Structures are given as C-alpha cells and as structure tokens.
Amino acid sequence: MNRKLRSKIYPMWIALPGALVYTVFFVVPIIIAFFYSFTNWNLDRMDSPQFIGLRNFINLFQDEVFARSIFNTLLFAFTTTLFKTVTGLLIALVVVKRFRGNSIFRTLFYLPCVLSCMIVGLLFTGILKQDGLVNNLLAAAGMGQLARDWLGSYGTAMFWIIFIEVWMWAGFSMFLFISGLNAISGEYYESAQLDGASPWQQFCHITLPLLAPSFTVVTTLNITGGLKVFDLVYSLTGGGPGFDTQVLSTYTYRAFGMGLLGKSSASALLLSVGVVIITFLLNRLLKSREIDV
C-alpha cells in the first residue's frame, strides 16, 4: 500500500514547482486584476481603492480608442492567423519532400521564430523609416514618389505590422504542418494513384482532411498569440501613429502607465475573457471537423 501511495504522490511532487510558479505568476495576478477592475484604484488612491461596480467597464466601452483597439486586435489576430496558416502550409508541402538542401531551407524559414520581437522591431524600424532600406530601393527603382515613413503613416503601419508577424511566425506553422504531413500514411496516396486521382484531388481528399488536427493546433495557437499581441506592436509603433495600430494590450499598458490602475485591470480582464471565449469556440469548431483515421 505504501508503494502504491508513493507512486501516486510522486507525480504530484514533480508537478508542484511548476504549479506554484503558475499560481503565483498567473492565477494570483488574474484574481487581483479581477478585484481591482471593480474599483477606482489609481495612483491617487493606492491605499484606499473604492468599489465602483461596473463603472470601469462602462467607461471602456464608451471610449472610442478602446473600440479602435478591439477592432485592431481582431483585425490583426484573424488576418495574421489566415496568412501564417496558409503560408506555413504551402512551405511545409514543399520542404516536407526529400531533396538536397531540405534541412537548410527548413532552418531558414524557421529562423525568424527564434528572434526577439524587440530585436525584430528595431530592425524593421530602421528598414521602414523615411531614409530606410525600403525607400532607398524605391528611389533606386525610380519610384521615389512612393517613399514615406511606413510605420508613421496612417493606413500603412498596420499592414507592415501584419506582414512582419507573418514573416516571423509562418515557419512555426510550417513545422507543425510538417509533423502532420509526416503522420499521413503513404498507403493513402498509393491507393489514390492506382485509382487515377490527380495530385490536386489527392491534396483535397487526403491531405487536407487528415491534416485537420494540425489545422486545429496551428489555428488555435496563432489566434491566441494574435489576440495577445503586445511586444511587436510596442516595438514598432507603440500603438501609433495616433491610435492607428493601438491593440488591447498596448491600450492596457497605456492606461496603466497613466496611473489608471482600475481601468487597466478592467481592460486586461476583458482581454483575457475574450481570448478564452474566442479560443474555446474556435477550438470546438475545428475539432468537430476532424476525422478519425
């Protein structure tokens, strides 16, 4: 009995340090933020926050900047998810095949994933500024009239942030799809070839249906990361020009920096709830489309 009891308790002891770290740095801050989101806690009331009910949430939804932040967050999350998924799948279909230099190409496509977002932000800030590489190339091609401060202009800043996000993380989606492609038995394709199926028919009726679990993982991770985006936007534009690229995370950070601690807690709580709801619903939808092999 003692041996059985120890065998059951041992995994709990192994998981305990991770559970403590998770509780201290994730669960406890969420509980604290939930409490303070219903108060007027700010720098003037650090010691005596007062309960004000839903006033913070009402003020948020009456704020045009907050509405713009929601729109930008959803635009960024769903657009980058679409392009990262499609780009990652297309690259995976090429590099999954065995050819000379295959591992080199995989490494090159995955390399941006290991770079720090702050480093990437500094790099592209230099490339996209008024006298940066992009404008110099346009001038050399005789299209200098198109030159502008790409991250400081309305309408172009969000486009470039989306482009950079896709460039950074398409390689991650690629590796997840490669794992899914390698798990598909070659017998399916052999049978399809004997039946006279074209490569496109094989892709539509074998590859795509059997990649459904990979699509679930890739889409869920990408949409979650897109909704929580902060570091890339902050390092590239800080939410500007004006509020053109403001997302929920940068809005929350800005409110916190202004000393509106209760308001920033309410914004962070809404973001967390939104991420959970959207991720849950999307995951349920995608899992319902998976097939048993």
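Which helix gives the largest share of the lining of the largest pocket? Here are a few notes on that and on two other places worth a look; please keep in mind that the model is predicted.

1. **The pocket.** The answer is H13, with eight residues of the lining. The largest pocket has a volume of about 480 Å³. Its lining counts 18 residues, and those closest to the centre are Phe26, Ile30, Ala268, Leu271 and Ser272. Helix H1 (2–36), H12 and H13 are the elements that each give two or more residues to this lining.

2. **Helix H12.** Besides its part in the pocket lining, H12 spans residues 248–257 and has several buried residues: Leu248, Ser249, Thr250, Tyr251, Thr252 and Ala255. Their cover includes helix H2 (55–61), helix H3 (64–95), helix H11 (231–236) and helix H13 (261–287).

3. **Just past H12.** If you check backbone angles, have a look at Gly259: this residue follows just after H12 and takes a positive phi of about 85°.

4. **A nonpolar surface patch.** On the surface, Val94, Phe99, Ile104, Phe105, Leu108 and Phe109 form a nonpolar patch, and together they have about 550 Å² of accessible area. Helix H4 (residues 102–110) supplies the largest share, four residues.

Technical notes
Residues are numbered from 1 along each chain as its sequence is written. This is a predicted model: local features need pLDDT of at least 70, side-chain atom pairs count only at pLDDT 80 or more; totals for chains, interfaces and linings use all residues. Side-chain values use heavy atoms; hydrogens and water are left out. Patches are made of residues with over 30% relative accessible area and no salt bridge: like charges are joined within 9 Å, nonpolar side chains (Val, Leu, Ile, Met, Phe, Trp, Tyr) within 5 Å. Accessible areas come from the Shrake-Rupley method with a 1.4 Å probe; for residues, only the protein chains shown count as cover. A salt bridge is a side-chain nitrogen of Lys or Arg within 4 Å of a carboxyl oxygen of Asp or Glu. Buried means under 20% relative accessible area, exposed over 50%, partly exposed in between (1.4 Å probe, protein chains only). Contact means heavy atoms within 4.5 Å. On a 1 Å grid over the protein atoms alone, a cavity is a set of points where a 1.4 Å probe fits but cannot get out, and a pocket is an open set with protein on both sides within 12 Å along at least five of seven lines; lining residues have an atom within 4 Å of a point. Grid points are joined across faces, edges and corners, and a volume is the space filled by probe spheres set on the points.
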